[in-house]
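Subject: Handover of a structure and summary of findings

Dear colleague,

Please find below the structure that I am handing over to you.

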Amino acid sequence: MANLVNLEAVSKSYGVRPLLSSVSLGVDEGDRIGVVGLNGGGKTTLLEVLAGVEAPDTGRVSQNRGLRAAVLTQRIELPELASVRHAVLDPLGVTSEYEWAADPRVRGILDGLGITALGLDRPVTGLSGGERRRVALAAALVPELDLVMLDEPTNHLDVEGVRWLAEHLLARRCAVVVVTHDRWFLDTVCTRTWEVTEGRVDGYDGGYADWVYARAERLRLAGAAEDRRRNLARKELAWLRRGPPARSSKPRYRIEAAEALIADVPPPRDNVELLAFARRRLGRTVLELEDVTVTIAGRRLLDTETWRIGPGERIGLVGINGSGKTTLLRLLAGELAPDEGRCGRRVQGQTVFLGHLHQELEDLPESLRVLEAVEEVASRITLGRRELSASQLAERLGFPPSRQWTAVADLSGGERRRLQLTRLLMAEPNVLLLDEPTNDLDIDTLQQLEDLLDGWPGSLVVVSHDRYFVDRVCDTVVALLGDGRITHLPGGIEEYLARRDSAPADSSELPSFFGAPAGAPKEAAQLRAARKELARLERQLERLAGREAQLQQQITQQAADPVAFRELDGELRGVLAAKSDLETRWLEVADAAG
């Protein structure tokens, strides 16, 4: 197998900080390599040195003679006076539209990335940041290549766009080096993983799941020096093993040792306990939309729709770009009113304290330092049964002590996003509305955020293109399919993608960047979904019945202890209320399932 690019003892520093120290590695034909590591740890630098965009301080970079390579960095450089057509197709050297229109591969890229829908004659100067990003990605993919290097290519793509890109890269024969924090994408596309850490590049066979197994084993052997990271790795392993089978070459990493490592690890979160706690904090009413109609730019987003969010619910909201997900979050937050002249209304519980993370960067106190900006909100926070100081929460979300005294005005865009999230959590809301919370977070920070949310006792609605994050954090998935409804999907994101794939092309006027718009599923699919949800509800009812019996027994044993009795009785009331809601839902679904 031919070597395409090779690094020999390469070092690269910015200022006094070394990002790469005597790194030697290579990319061979057919390699599909995922690059992971902390933000600012050197991932982008490694990619730019490989591509020849940046020269190393010391060492040697050699490329195979005649190598056909393309690179997409986070520095979007497009010819400002050109149209989209020229920006994308000039790398092909075509002079006639018939040349590229006859090439199914090129047409597939233009359609798959939404370039055709965007408009080939539009000038690039008028495009948004996300649109420019997709144009640059299309320009990198259209030529015939031996090697493609991509830095965060899934940014600004929705769930369908991320799936399309993964399938496209798998179908191509060229080598791929990709920097990304999208763990589903890593696991689907990559056969090798490079971890950039402290100037080194450590290599592993396999994708994200393999890397988690390997890193957990490495931490297990490292002794007690990194207890916190080791415990987080154990929790991630436990979730991977208890969920759907991971795409992993398991025998390579001594899975017996990994399973011994997680034998005593409980599930990521105790849903019954959190639900009971959420009911005590929130009561029965949280957020409700009753017969609400919302029209945006002449398009009906909701049509006399009713949606109730209960205490402790964890909901993932999906839909194509432009389907109205951000608008729906604004409606839930009370920042947008339903259409006037309608009878619909928004209801918010009296004890609800909302926290809303917007996609846009909010104004931050520029005159303060990071820790001061966090302590401006609160000095301590209680998450479930854990109490954290402002400094501890900032560290968990990517601000080590040395960085906490950095002026807010000097933070990068990604760091400002993390500070925005830290301040939001520090306010201790009991209802969270998160719009693309994973943007600009590295994998370690994502794991820390997931760990924090595991013990967070409140209601949660998440909009995210990160499938792994939605699966990991949310218990329920709903979708906006362009029919004026909020559709519950018992099968999660896989069901959403299946519905989109099977929808007739003319079923909706909803604009789509990635394939046919969504329409109503067939009756058979609805019946299968109802039966699947019925089985899930029955399992949940069985667990609650078991917990109810345990609590009844414990109450009998603790009858002489008034403090313990009150605690157990409060939890029992929460279990009974949750059981009542599930039984009501079971009856509704049983009727639909026939």
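I begin with a salt bridge, which joins glutamate 305 and arginine 485, their closest N and O atoms being 3.7 Å apart. The term salt bridge denotes a side-chain nitrogen of Lys or Arg within 4 Å of a carboxyl oxygen of Asp or Glu. This pair links distant parts of the chain, 180 residues apart: glutamate 305 belongs to strand S11 (residues 299–309), and arginine 485 to the loop between strand S19 (476–480) and strand S20 (486–489). Helices (H or I, at least four residues) and strands (E, at least two) are DSSP runs, numbered from the N terminus. Glutamate 305 is buried at a relative accessible area of 9%, whereas arginine 485 is partly exposed at 34%. In these terms, buried means under 20% relative accessible area, exposed over 50%, and partly exposed in between (1.4 Å probe, protein chains only).

The model is predicted, with local features requiring pLDDT of at least 70 and side-chain atom pairs counting only at pLDDT 80 or more, while totals for chains, interfaces and linings use all residues. Residues are numbered from 1 along each chain as its sequence is written, and side-chain values use heavy atoms, with hydrogens and water left out.

Further salt bridges

The structure holds 27 salt bridges. One of them pairs arginine 85 with aspartate 121, with 2.8 Å between the closest N and O atoms. Arginine 85 lies in helix H2 (residues 84–89) and aspartate 121 in the loop between helix H5 (115–118) and H6, so the pair ties together parts that are 36 residues apart in sequence. Arginine 85 is buried at 19% relative accessibility, while aspartate 121 is exposed at 61%. Another salt bridge connects aspartate 303 and arginine 300, whose closest N and O atoms are 3.4 Å apart. Aspartate 303 is partly exposed, with a relative accessible area of 29%, and arginine 300 is also partly exposed, at 35%.

Nonpolar cores

A nonpolar core is a set of buried Ala, Val, Leu, Ile, Met, Phe, Trp, Tyr and Cys residues joined through side-chain atoms within 4.5 Å. The largest one has 48 residues, and those with the most contacts inside it include Val88, Leu113, Val135 and Phe185. Helix H6 (residues 129–141) gives the most to this core, with six residues. Valine 135 touches Leu78, Val84, Ala87, Val88, Ile115, Leu118 and Leu127, leaving aside residues up to four places away in sequence; contact here means heavy atoms within 4.5 Å. A second, separate core has 46 residues, among them Ala378, Val477, Ile493 and Leu497.

Leucine 537 and its contacts

Leucine 537 is part of helix H20 (residues 523–557) and is buried at 2% relative accessibility. Its contacts are Leu582, Arg585, Trp586 and Val589, again not counting residues up to four places away in sequence. Between leucine 537 and arginine 585 there are 48 residues in sequence and 8.1 Å in space, C-alpha to C-alpha.

An open sheet

Three strands form an open antiparallel sheet in the order S2-S1-S4, where two strands pair if DSSP finds at least two bridges between them. Strand S2 (17–28) and strand S4 (58–63) stand at the edges with a single partner strand each, so one side of each is left without a neighbour in the sheet. Strand S1 (residues 3–14) is joined to S4 by five bridges, and leucine 7 has valine 61 as its bridge partner in S4.

Cysteines and backbone

A search of the whole structure finds zero disulfides, a disulfide being a pair of cysteine sulfur atoms within 2.5 Å. Cysteine 174 is buried, with a relative accessible area of 5%, and cysteine 474 is buried at 9%.

Most residues other than glycine have a negative phi. Glutamate 198 has a positive phi, near 55°; this residue is found in the loop between strand S8 (192–197) and strand S9 (200–205) and is exposed, at 71% relative accessible area. Glutamate 428 also has a positive phi near 55°, and is placed in the loop between helix H16 (413–426) and strand S17 (431–435). Glutamate 428 is partly exposed, at 31% relative accessibility.

Yours sincerely
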